[in-house]
Amino acid sequence: MRPGPLTAAAVAGELDAARRRSLAYTDLTDDDLLRQHSPLMSPLVWDLAHVGNYEEIWLLRALTEARELHAGLDDIYDAFRHKRATRTSLPLLGPAEARGYLRDVRARVLDVLAALEPDLLLPRPGAEAGARTGAGAGAGAEPVPRNRLLADSFVYGMVIQHEHQHDETMLATLQLRTGPPVLADPADTDGPHADGPGGEGPDGATAGISARAAGDAGEVLVPAGEFTMGTSTEPWAYDNERPAHTVHLPAFHIGRFPVTNRAQMEFIADGGYDDERLWSADGWAWRCAEHLSAPLFWSRDGDVWTRQRFGRVEPVPPDEPVQHVCWYEAEAHARWAGRRLPTEAEWEKACAHDPVTGRSRRYPWGDTDPTSELANLGHGRARPTPVGSRPAGASPCGAEQMIGDVWEWTASGFTPYPGFASFPYREYSEVFYPQGGESARYRVLRGGSWATHSSAVRSTFRNWDFPIRRQIFAGFRLARDAGPS
Ligand SMILES: [Fe+2]
């Protein structure tokens with residue numbers, strides 16, 4: 001599925017695909033849905049009803065004169081009013097009520113969609129040229145112009161991406177869950193994942209790709225020069241990806257692949273977690289407070305490292321990109337390796353810049369839709385793929401697996417691009433930027449993970465989180481200045 005203007009039938013199909021995924025991840029006992037599996041995460045039943053409430057706000061009330069369906073839900077399911085750790089104490093809809101609410105909202109949304117003039121979903125000429133409205137937040141805020149929301153099917157794309165983003169969050173919750181496995185492992189069943197929750201289609205092509213021996217130290221050169229960062233034309237890009245702007249970077253080297261589990265084992269074996277010199281002051285304080293000694297979910301069984309993955313224990317595969325490391329661990333590893341983390345500008349240039357045309361690509365391989373041969377996305381399998389297994393997805397500079405597998409921590413804080421304007425609500429991006437002269441609280445991650453749906457990632461997509469977070473499906477890639485070697 002290509003993000004951008006869609007027919008009403010295609011919109012309905014994408015909404016349905018996202019919903020099937022949400023329902024698959026919440027096909028659990030009521031106890032599993034209502035329990036707080038981790039203070040870092042919401043109870044799963046909150047995520048479930050939240051995606052319905054978001055859909056009600058944006059696809060019913062923002063597009064029509066509809067009033068709220070149930071008083072009080074906007075407050076309960078407002079992600080900014082209640083911290084995740086407190087959400088079990090809210091008067092949440094129960095599992096059956098939540099599913100009924102989702103069905104009710106969706107039926108009304110499809111009625112609205114069917115009544116729309118088809119042209120409203122199509123590209124709006126000059127949509128990027130006009131000044132942004134600075135429109136306000138969701139419920140109860142200043143209305144956002146309906147035509148602007150509908151152009152390029154933007155508001156539908158926003159809701160589809162949002163649900164898939166919560167589906168990835170639900171996967172993180174399921175990974176933190178203890179007890180017998182509840183999630184089928186696509187790679188452990190029929191190999192190719194034909195029609196699973198991610199809806200990404202067959203993954204059979206990967207069976208023919210043998211992982212190449214990939215030296216972890218392999219790196220590629222990105223020559224000095226300008227490139228276009230961000231976008232003003234990507235139809236479903238969020239406000240934080242806009243506008244496109246020119247950035248000049250000196251030459252640098254960047255890892256051809258993300259850092260592997262093997263390299264992380266070497267970092268551990270070399271005492272990396274115990275060497276204060278490798279860590280920033282904040283990172284060392286966190287490492288000591290939390291007694292960090294390996295990636296989250298890893299254990300040592302004699303001489304063998306094992307990991308817990310969705311309730312199953314297995315040896316750590318050396319050639320997979322490492323995941324479940326926080327930004328501080330990534331920073332320490334980079335210093336140990338004599339490297340550093342790439343800035344997000346470096347990451348995006350290595351991912352997207354085509355030196356032949358001078359333009360930036362939607363994806364590393366070009367503008368065509370992701371396939372399982374190009375990138376490991378959409379829960380085609382429940383883990384990263386070994387480095388070297390997606391050569392067809394290489395970027396113009398030769399970097400591989402930049403999209404999919406693991407989110408990649410960058411050195412950069414989450415800050416607005418020059419000319420940023422909120423759209424369509426401040427709480428998506430703006431409230432996470434540094435406020436009142438403070439330094440950035442969040443670090444930027446790029447590229448999506450194996451759990452990310454293809455509609456919710458592209459070369460310009462920016463994710464962000466606190467530097468201590470490890471439950472997300474995040475790893476990293478190394479970089480260095482291209483000085484005299
Ligand atoms: Fe949300």
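Strand 5 (residues 298-301) and strand 6 (residues 304-309) run antiparallel and are joined by four bridges, where two strands count as paired if DSSP finds at least two bridges between them. Helices and strands are DSSP runs numbered from the N terminus, with helices being H or I runs of at least four residues and strands being E runs of at least two. Within this pairing, Arg-300 stands opposite Trp-305 in strand 6. Two residues separate strand 5 from strand 6 in the hairpin that they form, and Gly-302 in the turn has a positive phi of about 65°.

Strand 6 is also joined by four bridges to strand 7 (residues 312-315), and these two strands run antiparallel. Thr-306 has Pro-315 in strand 7 as its bridge partner. Strand 6 and strand 7 form a hairpin with two residues between them, and in its turn Phe-310 has a positive phi of about 50°.

## Basis of the model and overall content

The model is predicted, so that local features need pLDDT of at least 70 and side-chain atom pairs count only at pLDDT 80 or more, whereas totals for chains, interfaces and linings use all residues. Residues are numbered from 1 along each chain as its sequence is written.

The protein has eleven helices and twelve strands, and buried residues make up 46% of its 485 residues. A residue is called buried if 20 or more other C-beta atoms lie within 10 Å of its own, exposed if 12 or fewer do, and partly exposed in between, with C-beta atoms placed from the backbone. Among contacts between residues at least 6 apart in sequence, 79% join residues at least 24 apart, a contact being a pair of residues whose C-beta atoms, placed from the backbone, lie within 7 Å.

## Strand 4 and its partners

Strand 4 (residues 252-255) is covered on both faces, with Phe-252 and Ile-254 buried on one side and His-253 and Gly-255 buried on the other. Strand 1 (residues 219-222) pairs with strand 4 in the antiparallel sense over four bridges, and Val-220 stands opposite Ile-254 in that pairing. Strand 4 is joined to strand 12 (residues 479-481) by three bridges, again with the strands running antiparallel; here Ile-254 stands opposite Ala-479.

Another part of the model is an open sheet of four strands in the order 10-9-8-11, with mixed pairing. Strand 10 and strand 11 stand at the edges and have a single partner strand each, so one side of each is left without a neighbour in the sheet. Neighbouring strands of this sheet are turned by 50° against each other on average, direction ignored, where axes are lines fitted to C-alpha atoms (for helices over the stretch in contact) and angles run from 0 to 180 degrees between N-to-C directions. Strand 8 (residues 407-413) pairs with strand 11 in the parallel sense over three bridges, and Glu-408 stands opposite Gly-475 in strand 11.

## Annotated binding-site residues

According to an unreviewed UniProt entry, the annotation "binding site" covers Arg-84, Ala-85, Thr-86, Arg-87, Asp-465 and Arg-469; UniProt positions are given in the numbering used here, feature names are shortened, and annotations may be inferred rather than shown by experiment.

Asp-465 is found in strand 10 (residues 463-465) and is buried, with 21 other C-beta atoms within 10 Å. Leaving aside neighbours within four places in sequence, Asp-465 is in contact with Tyr-442, Arg-443, Leu-445 and Ile-472. Arg-469 is found in the loop between strand 10 and strand 11 (474-476), and Arg-469 is also buried, with 20 other C-beta atoms within 10 Å.

## Helices with one buried side

Helix 1 (residues 8-25) has 18 residues and reaches 26 Å from its first C-alpha to its last, close to the 26 Å expected at 1.5 Å a residue, the expected span being 1.5 Å times one less than the number of residues. Val-11, Glu-14, Leu-15, Ala-17, Ala-18, Arg-21, Ser-22 and Tyr-25 are buried in helix 1. These residues cover an arc of only 155° around the axis, which puts them on the same side of helix 1; the arc is that of the directions from the helix axis to the C-beta atoms. What covers them includes helix 3 (44-61), helix 5 (95-115) and helix 7 (154-176).

In helix 8 (residues 261-269), the buried residues are Asn-261, Ala-263, Gln-264 and Phe-267. Their arc around the axis is only 160°, which puts them on the same side of helix 8. Helix 10 (327-336) is included in what covers these buried residues. Helix 8 is followed by Gly-271, which has a positive phi near 80°.

Terms used
Contact = placed C-beta atoms within 7 Å.
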